Amino acid sequence: MATDVRTVEVATPEFEIAAERAAARRGLLIALPSWLYLTLFFAVPLVIVFVYSFATRSSTGRTRLEDWNLESYRRLFDPLVGEIALRSLTLAFLTTLICLVVSYPFAYYIATRRPAIRNVLLVMVMIPFWSNFLVRTYAWRVLLGTDGPLSQLSQALGGDPIRVLFTNTAVLIGLVYGYLPFMVLPLYAALERMDWSLVEAARDLYADGLTAFRKVTWPLSRPGVIAGSILVFIPALGAYVTPQILGGARTTLLGDYIVSQFLAARNQPFGSALSFGVMAVMLAATIVYFRSGAKNL
Amino acid sequence: MSTGVRPKSPTERLLAGNAWLVFTFFYAPIIVLIIFSFNANNNVGIWTEPSFRWYGDMFRNDDVLAAIRISVTVAAISTVVSTILGTTTALALERFRFRGQRTYDGLVYLPIIIPDVTMAVMMLLFFAQSFRMLDGLFGWSPSFGIGTISLSHIAFNISFVAVVVRARLGQLDPALEEAAADLYANRWQAFRRVTLPLIAPGVAGGALLALTLSLDDVVVTSFVAGPGSTTLPVYVFGLVRRGVTPLINAVSTVMLVASMLLVLISLAFQRGSTSKVSLTDSGVDPESA
Amino acid sequence: MNESVRLDGVSKHFGDIVAVKHLDLAVAEGEFFSLLGPSGCGKTTTLRMIAGFEFPTSGSLTIHGVEMALQPPNKRPVNTVFQSYALFPHMNVAENVGFGLLMQKVESSEISTRVKRALDMVQLTHRAEARPKQLSGGQRQRVALARALVNEPEVLLLDEPLGALDLKLRQSMQVELKELQERVGITFIYVTHDQEEALTMSDRIGVMNEGLLLQVGKPEEIYEHPTSRFVADFIGEINLLPATVVDHQSVELQGGHVVRAATGAQPGEAVTVAIRPERLTLFELDQIIPEGANTVRGRVIRRTYHGDVFYYDIETAAGVLEVKEENRPGVELYDVGEEAVAAWSPRATTVVED
C-alpha cells in the first residue's frame, strides 16, 4: 500500500503552515467565481448608487456626474421625507407586531402537535408561502373591493360595503398576509427546538401556566422572535408591490417614493440617496439582531 | 417533548381556534381568487356563472404567452447559474479558511438584507452606466432584456442558495468526509461520492428557492427589463395597476397552481430520495451517547 | 520487538494550545495497544495523527518502517473505526463496506467476495441491503469494523468505538473485538478513557495525560506498578499516602510509622506510597500478623457493602486507608469504631516520586 509515498520527510512546523496555505488557496479558488460575480454585479452597482447619490440633477432630469454635493442627503431631512419615512416605519412596525401576535400562538400550536401532524401543518403553511407573492397580494385587491366578496358579505349581514381598499389599512392587511410565514417559520423552529422538559420542571416547581410561559417558554423562544421580527420588518419597510396594489395616492411609502424618483420625478441622485439610506437602516437593524439574538441561539 | 393525550384545557381550545383562523386567513383569499377566475362575469367581484372564458382568453393572448416564455427562460437561467455559484460559495465558506473570508462572507449575506427597491435601483444604474461605457469604448451597445434580468436575478439568488446549502453542510458529520479519506478516496472522490449526495437536498432546496424568487420578482425585473422582455409577474403587475379584470384572475390562478405544484413535486421528491435520511442516522451523536 | 507503528518526538500544536507535547512510542506488530487517559489528554489527537487527519507539528511517524508523518490519510495503509461510526447514510451496508475497495479500484467481482467475507466475519451478512439508519447501535458498530477490516489494513485504529453502547453490549463487544483481533492478527490501536476496558482488552497500555505519555506497559504492570501518581490514581482505586524516604528499602509514613518498600529515590526525598485497597487486609488487634508484613494501626470509621465486597475506611496516623475485603464466610466483619490493624505485603507497596 505504501508504494506512492509523496515525501519521505519528517514533520516540521513549516510543513504545517505550508499545508494550511495550500488548503486556503484551494478555498479561495472555489470561492473565486461567485466572489467575482458578486463583486461585479452587486458590489459595483452598490458603489454606483452611492456615487450617484452625490451627483447633480440637471433641470431636464438627467444626472450629471459632476458638481458633487450633499444636496440629496440634505433633502433626506425634509419634512416630506420624514413623513413618508415615519409612515413606512410605523407600518412596518405594526406589521411586525401583528404578525408576532398572530404567529406566536399559531407556531406554538404547531410545535406542540404530534410529529406526524406537525409536518402536515407545516406543509400547509409552506404552500401559500411558496405561491407567487404578487398573486397573493392581488387576491386581497379582489377581496377588499367595494363590490368584492367581503363587501357583499357584510352587506348581506346588514352592514355597509367595505371601503378599506386604497387605504393604509389595506396595505397593512396585505403586508401581514404576505409576511406572516416569515414570522411563523423562525418561531416554529425556535419552539420546536426548545427543551420542553424545562417547562415541566417549572410546573413541577409550582409555577402556573402563565408564569411558566413568562419565565421559561418566552425567554427561550426569543431568538425565534427576533429572527422573525427582522425577517418581517425589513421587507415591510421597503415594500413596493403591496402598497402599489392595495394602497392609494394618499399612502406614499418609502418603496413607492424611491421608485418614483426613477420614473416620474426623474431625480436619480435623490433616489439613490434614499435607497442607500433605507439600506443603511436595514443594515443597522440586522446588526442589532446579530448582536442580541445570535448569542442566544 | 411529551406528546401524551392531554385533556383539552381552555388554552388548548383557544390555540386550536386561533390556528384554524390563521389557516383560513392564509387560504381564503387564494380560494376566492381561484373561484372567481371561473366567473363568467366581466365584473370581478360579482359572481354570475362558471365559465372557462378567461382561461381561453389567456391562452390566446400573445402578451401573456410571451411573458410566460420570458419568465421561464429567465428563471431557468438564473436558477441553474445561481445554484452552481451558491453551492460553491457555501463550500468555500464552510469547509475552508482563507484571508478575506470575512469580507466574502459579508458580501454574500448583503443581498439578502437589501430591500428589492434598492437592488432594482442598483442594477438599473449599473447597467445604464456600463452600457454607456461599453458604447464609448467598443461601440457595442447592449440593450435591456433577458440578459439584464437574468444577471440581476442571479445576483440576489446566489446568496439565498448559499445560505440553504451552507445550513445543510453544517449539519454534516465532518467524520463522514474523514471516513471517505480514510477509505482511500482523494479529495474529489470524497466530494463526489459523499459530500455531494448528502448536500443534494440542500442544493435542491436552494434551487427551488432561487426558482421561486426569480418567478416572483417584480421590482428588480421591472427596472431592468426592456421593451419586449416583460416577465409574467411584471405583466400582471402592469395589468393590475390599470384596473382589475377577470383575465388577471385566470392568469393568477395558473401562476398559483403552478407554484403549488412545484412545491408538492419537490416535497414528494425529497420524501422519495435517500437523502431524507437524517444525518445522525449514520451512526451515533457522540454527545448524546 | 517487531514494530508496526513508531512515533519519535511527535508533538501537535493547535495555535497556542499544545495537544501533544512530546511522544515517543513504539507499537508492536500484531498487538492490541490501548491509549488510555482522561478527556483532553491528547490520545485522540495522537490517533488522528497516525490516521493522517492531522499532521504532527514535529516528529517522525513510521508505519512498518516507512515514514508517514506527512502522508494524507488516503495514502496510508491504516483504517479507522470512528467514535460516531461515520457510516455513509446514503449507502447501504454492502456499499459502505465496499467503499474503500471501490476507491482502490478493486475489481467488482472481487469486491463482492471480500465484502461478503467481511460481513460474515461480523455476522451481518443478512443485513447487507439495509441502510445505516435501520440498524441498531451495535450493528452499526460492526459495519464500521467490517468497512475498515475489509481493506486488510496494516494497522486498525479505533476511537472509543464502544462508548455509545449500553453496559452489557459493551462488555460482549469487548470480548468480540479482542477475539477478532487475535484472529485477524493485525495491530489494533485503541483509544479509550475507560480503564477497565483497557485493562481487559489490551496487550499493552499507554497512559496519557496533558499531552504526555506517562507510562507504557502490560496491564498488570500498569496496575500493580504505576510509575507516577497520576497513573496510580487513574487506574482502579488506590491509597496514596505521603511519605519520606529513609533508605532504599524503607520509607517513613506520616505519623512516624516506617514501612518496608523498595525505592530508587534518595533518602530524605518526599514521595507517595501507593497501595491497592485489595492488597490490604484487616486484622484484629490481638491477631497474629504474617511475618514481614507492613502494618499500620487505626480505627474503622466507615463500612460500605458492595454485594461481593466490603469497603472499609480506616483512620490511621498515616492517613485514611481504604481496605477492600471479600464478602465471604470466614472473613471477619469489622464494625465502625472498632480498632484494627491494616497489613500488606512490602511487594505490594509502590513508591511514586511525583
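I began with K12(C), which forms a salt bridge with E16(A), the closest N and O atoms lying 2.4 Å apart; the term stands for a side-chain nitrogen of Lys or Arg within 4 Å of a carboxyl oxygen of Asp or Glu. I note that this is a predicted model, in which local features need pLDDT of at least 70, side-chain atom pairs count only at pLDDT 80 or more, and totals for chains, interfaces and linings use all residues. Side-chain values use heavy atoms, with hydrogens and water left out, residues are numbered from 1 along each chain as its sequence is written, and chains are lettered from A and ligands numbered from 1 in the order in which they are written.

The count of salt bridges between chain C and chain A is one. I then found 20 residues of chain C in contact (heavy atoms within 4.5 Å) with 15 residues of chain A. The buried area, meaning accessible area (1.4 Å probe) lost on putting the two parts together and summed over both, is about 1400 Å², of which carbon and sulfur atoms give 62%. On the chain C side, E67(C), L70(C) and K75(C) lose the most area to chain A, together 38% of what that side buries.

**Two helices of chain C**

I turned to α4 (residues 137–149) and α5 (residues 167–184) of chain C, which pack at an angle of about 15° with axes 12 Å apart. That angle makes α4(C) roughly parallel to α5(C) (under 35 degrees).

Note on methods:
Axes are lines fitted to C-alpha atoms, for helices over the stretch in contact, and angles run from 0 to 180 degrees between N-to-C directions. Helices (H or I, at least four residues) and strands (E, at least two) are DSSP runs, numbered from the N terminus. Angles under 35 degrees count as roughly parallel, over 145 as roughly antiparallel, 65 to 115 as roughly perpendicular and the rest as oblique.
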